[in-house]
Each structure stands twice: as structure tokens, then as C-alpha cells.
Amino acid sequence: MKLNDITILENQSLAPYAYTQVGGKVDYLAIPKTQLELQQLLHWAKLKEQPVHIFGRLSNLVVRNGGLHGLSILLHDLRDIKVDQRTITADAGADLIIVAEVAMTHGLTGLEWAAGIPGSVGGAIFMNAGAYGGQTEMVVTAVTAIMPDLSIQIFKLSELEFGYRHSIFQENSGVIVSATFTLTPDLKSDIQLRMDVNNYRRADKQPLNYPSNGSVFKRPEGYFAGKLIMDSGLQGTRIGGIEVSKKHAGFMVNINNGTGNDYEDLIHHVQVTVKKKFNVTLETEVRIIGER
Ligand SMILES: Cc1cc2nc3c(=O)[nH]c(=O)nc-3n(C[C@H](O)[C@H](O)[C@H](O)COP(=O)(O)OP(=O)(O)OC[C@H]3O[C@@H](n4cnc5c(N)ncnc54)[C@H](O)[C@@H]3O)c2cc1C
């Protein structure tokens with residue numbers, strides 16, 4: 001189906017687009033190439049009364065086997081990055097890893113923690129992604145979003161309601177279109193070294209050779225999710241094609257054509273086992289959506 005110059009695919013699986021390689025079919029799927037196309041798609045969905053689902057790299061998301069109704073929009077083709085002195089303004093679909101690289105090549109520090117996070121700028125804002133002592137909220141100064149009434153709104157840092165893996169977009173249904181990061185000048189070689197150290201630590205601890213969602217659970221107050229899972233003897237436990245990683249207990253890896261439902265079932269099994277053994281409730285950092 002065509003909407004102006006935009007192709008809208010019907011009955012399409014999300015799995016090939018997902019970092020996890022899982023996800024059921026969606027009614028409609030579109031990949032806008034410009035902000036105008038994104039606006040046209042949102043307008044179309046509103047007219048047709050279709051629910052809208054927005055995705056970056058699907059690196060923090062499990063879509064169940066039954067898929068999603070309505071229009072799913074993948075933003076990975078909106079990926080412009082502009083540098084102006086100490087600020088970088090990046091489209092929502094830009095890779096966080098590329099934005100961190102661009103910052104380094106311009107001698108700007110503040111994004112070294114993001115050098116190994118395989119998500120998009122939009123996903124990082126939505127989740128307030130962070131690692132190794134850094135966090136999105138420390139460097140973002142403004143975000144532009146399209147709101148459910150299709151108006152364009154600019155949010156200042158103080159309006160973004162950042163918290164641990166939380167931003168205002170988890171409540172207001174805004175579609176993030178771009179973000180501005182304000183950074184600090186520093187020596188390129190020092191920035192590169194910090195990025196390399198972070199990425200070395202990541203490769204040493206994390207099962208990066210398999211598709212995953214990174215850490216599945218939020219850090220419970222006073223505990224580490226990975227340690228609780230390890231001490232519950234759950235590493236290597238498998239449901240369908242998804243396994244609790246033997247390398248990092250906080251990760252679940254897709255080792256053999258796992259599905260969204262396998263993911264959800266394994267998450268539930270881990271939550272029940274840890275609750276029974278330690279009386280700690282593990283809350284998911286990963287978002288699980290769609291029909292069973
Ligand atoms: C190997 C690995 C390592 C990881 N390490 C880390 C880490 O160190 N720290 C960390 O915080 N996370 C980590 N993650 C998780 C993930 O990469 C981050 O949460 C990332 O920010 C998600 O971005 P995404 O584009 O993949 O979002 P998606 O998974 O596509 O979406 C996540 C949520 O954000 C919403 N969303 C995405 N884009 C937009 C937008 N433009 N407007 C409105 N809503 C939007 C989606 O609707 C969804 O609800 C890791 C994941 C993997 C696979």
C-alpha cells in the first residue's frame with residue numbers, strides 16, 4: 001500500500017528488524033525517510049483510528065508472537081546528526097553508538113558510556129539509557145517530539161521527568177523526533193580511550209555474540225538482578241530458543257530461533273524462582289508488548 005511516497009507494508013514480521021530477532025507480525029509497517037513522512041504516517045493513523053507503535057532498534061523490546069495491531073513505525077532511516085560547537089543534534093533513529101563516535105571525532109566528552117549501547121537516540125531518551133556511571137539525562141538538553149494531537153513540542157531537560165530508566169515519554173505518548181546533547185570539549189585520544197575501556201568491559205562480561213535485549217531486569221533496591229539469578233542456579237535455563245545467559249545472568253540470549261513468547265515465559269520463570277528463593281521482586285527493564 002502507498003501513502004504519498006511512503007510504502008506501508010501489511011502483515012509483516014518485526015523479527016528481522018529487531019536486535020533480539022524476535023517479534024510477531026504487525027498489521028502495518030512503515031519506515032519514514034523524513035520527518036514530514038513521519039508526520040504524514042501519524043496523520044494517516046489518526047484518520048484511520050489505528051494505534052501507533054514507534055520503534056528504534058528494538059534492542060529493549062519483546063514483541064509477543066501474536067504481533068501488534070495498527071501501524072508500527074521504524075525510525076532507523078531518520079538518522080541525521082549535526083554538530084554545532086559543543087552541541088550535537090541527532091534524529092531519533094540515529095544509532096547511539098554513532099552519535100558517541102561523532103562526539104569523539106569532534107573532541108566532545110560526555111557520551112563515552114553510550115559507545116556500546118546498540119539502541120537509537122529515541123530509545124535512549126525514552127528509556128533514559130545509561131551505563132558505567134553515565135546516563136542520557138546527564139547530557140541531553142532538549143528533545144523535540146510529535147504529540148498525540150500531532151503538534152510539535154520542544155521539551156527542556158527540566159520537563160523530561162528523567163528517572164531510573166524512565167522519561168516523560170513513557171506516559172505522554174509523544175514520538176521523539178530529535179534530541180540535542182550538550183557536551184564538553186576534551187582530548188580526542190582521552191575520549192577514545194574511555195570508550196575503548198567501556199567497550200572492553202562490555203565484551204568481557206556480556207554475551208555479545210548472541211541477539212539479546214541487554215539487561216532484562218531493573219536493578220532491585222539493594223541487590224543486583226544478575227547475582228540473584230546466578231545464585232538461584234538459573235544460568236543456562238532455556239525455554240524454546242531463549243536462554244538465561246551462561247556468561248551474564250542478567251541477559252537472556254536468543255540461541256535458537258526463540259520467540260517473543262519464549263522470552264516472556266523465561267522472564268516469568270526467572271521472576272517466580274527469584275521471588276521464591278530470595279523474596280525479591282524483579283521488575284523488567286525490557287518492555288513486553290503485543291498479543292500472545
Ligand atoms: C547488548 C546490549 C547491551 C545493552 N546495554 C545497555 C546499557 O548498558 N544501558 C542501557 O540503558 N541499555 C542497554 N541496552 C538496552 C537498549 O539498547 C537501550 O534501552 C536502548 O536505549 C533502546 O533503544 P532502541 O532504539 O533499541 O529502543 P526500542 O527497543 O526500539 O524501544 C524501546 C522503547 O522506546 C520506545 N521508543 C523508541 N524510540 C522512540 C521514539 N523515537 N519516540 C518515542 N518512543 C520511542 C519504544 O516504543 C519502546 O517502548 C542494551 C541492549 C543490548 C542488546
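The structure is a predicted model, in which local features need pLDDT of at least 70 and side-chain atom pairs count only at pLDDT 80 or more, while totals for chains, interfaces and linings use all residues. Residues are numbered from 1 along each chain as its sequence is written.

N4 lies between strand 1 (2–3) and strand 2 (6–7), the strands (E, at least two residues) and helices (H or I, at least four) being DSSP runs numbered from the N terminus. The phi angle of N4 is near 55 degrees, a positive value in a residue other than glycine. A positive phi, near 50 degrees, is also found for N128, again a residue other than glycine, and N128 is placed in the loop between helix 3 and strand 11. N128, however, is buried, with 21 other C-beta atoms within 10 Å.

The shell around the ligand comprises 32 residues, of which G56, G119, G122, G123 and G214 come nearest; a residue is assigned to this shell if its C-beta atom, placed from the backbone, lies within 6 Å of the molecule. At least two residues each are supplied by strand 5 (52–55), helix 3 (121–127), strand 11 (130–131), strand 15 (175–182) and strand 17 (212–215), and helix 3 gives the most, with five residues. By class, the shell divides into 18 nonpolar, twelve polar and two charged residues, where Ala, Val, Leu, Ile, Met, Phe, Trp, Tyr, Cys and Pro count as nonpolar, Asp, Glu, Lys and Arg as charged, and the others, Gly among them, as polar.

The largest nonpolar core holds 80 residues, and V99 and I176 touch the most other members; such a core is a set of buried Ala, Val, Leu, Ile, Met, Phe, Trp, Tyr and Cys residues joined through C-beta atoms within 7 Å. When neighbours within four places in sequence are left aside, I176 is in contact with A92, G122, I125, F126, V143, A145 and F169, contact being defined by C-beta atoms, placed from the backbone, that lie within 7 Å.

Helix 2 (residues 96–105) and helix 5 (residues 188–205) pack at an angle of about 150 degrees, with their axes 8 Å apart, the axes being lines fitted to C-alpha atoms over the stretch in contact and the angles running from 0 to 180 degrees between N-to-C directions. Helix 2 is therefore roughly antiparallel to helix 5, given that angles over 145 degrees count as roughly antiparallel, under 35 as roughly parallel, 65 to 115 as roughly perpendicular and the rest as oblique. On the side of helix 2, A100, M104 and T105 meet K188, I191, Q192 and M195 of helix 5, and this contact has four nonpolar, two polar and one charged residues. M195 is buried, with 21 other C-beta atoms within 10 Å, and, apart from neighbours within four places in sequence, M195 is in contact with A100, M104, E112 and A115.

V274, in helix 7 (residues 260–278), counts as buried with 22 C-beta neighbours inside 10 Å. Beyond neighbours within four places in sequence, V274 is in contact with L228, I229, S232, V280 and L282.

Definitions and conventions: A residue is buried if 20 or more other C-beta atoms lie within 10 Å of its own, exposed if 12 or fewer, and partly exposed in between; C-beta atoms are placed from the backbone. Two residues are in contact if their C-beta atoms, placed from the backbone, lie within 7 Å.
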